[in-house]
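Hi there,

I am passing a structure over to you, as promised. Please have a look at it before you read on, and then follow my notes below.

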Amino acid sequence: TQLHATQLLALSAACVHPMIPPDVIEPLVKSIANRFVNDRSEPDSITIGINTIREMCKRQPLAMNAPLLSDLVEYKGQRGDKGVVMAARALIQLYRDVYPELLPAKYQG
């Protein structure tokens, strides 16, 4: 159910810490992006997915790769749902602070 999925995503984000190698976390980040953050998903699912990925990457920024980050930040321009836009902006701000080289040039600030 949706409640269980949200709890599992929160637990996944809480379990990430800087001592976990990025290559262990990257498949989980990709899986969350593929299942929750896509054009066929509901806006609430996209928001939850981006926010979960942001929380994971806040704890281990190297778990993100440039192509996936580029896809995720494009949700900043999505019309109709403020939650998705705010989640994408928060992800952009995180990477501006911790690893700006990974962001597409127009978002580096």
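**What I found**

Let us begin with a pair of side chains: Arg54 and Asn51 are joined by a polar contact of 3.3 Å. A polar contact here is a pair of N or O atoms within 3.5 Å; within protein, one must be able to donate a hydrogen and the other to accept it, and residues adjacent in sequence count only if both atoms are side-chain atoms.

Before going further, please keep in mind that this is a predicted model, in which local features need pLDDT of at least 70 and side-chain atom pairs count only at pLDDT 80 or more, while totals for chains, interfaces and linings use all residues. Residues are numbered from 1 along each chain as its sequence is written, and side-chain values use heavy atoms, with hydrogens and water left out.

**Around Arg54**

Arg54 sits in helix 3, which covers residues 43-59. Helices are DSSP runs (H or I, at least four residues), numbered from the N terminus. Is Arg54 buried or exposed? With 16% relative accessibility, Arg54 counts as buried. The cut-offs are under 20% relative accessible area for buried, over 50% for exposed, and partly exposed in between (1.4 Å probe, protein chains only).

Leu91 belongs to helix 5 and is buried, at 0% relative accessibility.

**Salt bridges**

Side chains of opposite charge can pair when their charged atoms come close. The term salt bridge is used for a side-chain nitrogen of Lys or Arg within 4 Å of a carboxyl oxygen of Asp or Glu. How many salt bridges does a search of the whole structure find? It finds three.

Two of them involve Glu55. The side chain of Glu55 meets that of Arg54 at 3.3 Å, N to O, and that of Lys58 at 3.2 Å, N to O. Glu55 and Lys58 are three residues apart in helix 3, about one turn of the helix. Through shared partners, the salt bridges link Arg54, Glu55 and Lys58 into one network. Glu55 is partly exposed at 23% relative accessibility, and Lys58 is partly exposed at 46%.

The other salt bridge joins the side chains of Glu26 and Lys30, at 3.7 Å from N to O. Where do these two residues lie in helix 2 (residues 22-36)? They are four residues apart there, so about one helical turn separates them. Glu26 is partly exposed, with 22% relative accessibility, and Lys30 is partly exposed too, with a relative accessible area of 37%.

**A positive patch**

Which residues form a positive surface patch? They are Lys76, Lys82, Arg89, Arg96 and Lys106. Patches are made of residues with over 30% relative accessible area and no salt bridge, and like charges are joined within 9 Å (for nonpolar side chains, namely Val, Leu, Ile, Met, Phe, Trp and Tyr, it is within 5 Å). Lys and Arg count as positive. You can find Arg96 in helix 5 (residues 82-98), where Arg96 is partly exposed with a relative accessible area of 33%.

Asn65 is in the loop between helix 3 and helix 4 (66-73), and at 19% relative accessibility Asn65 counts as buried. A polar atom of the Asn65 side chain lies 2.9 Å from the backbone nitrogen of Leu68.

Back in helix 2 you will find Arg35, which is exposed, with a relative accessible area of 64%. Arg35 and Gly49 are 14 residues apart in sequence and 8.3 Å apart in space, C-alpha to C-alpha.

Ala10 is partly exposed at 48% relative accessibility. Ala10 and Leu102 are 92 residues apart along the chain, and 25 Å separates their C-alpha atoms.

Happy exploring!

Note on methods: Accessible areas come from the Shrake-Rupley method with a 1.4 Å probe; for residues, only the protein chains shown count as cover. The place of a charge is taken as NZ of Lys, CZ of Arg, CG of Asp or CD of Glu.
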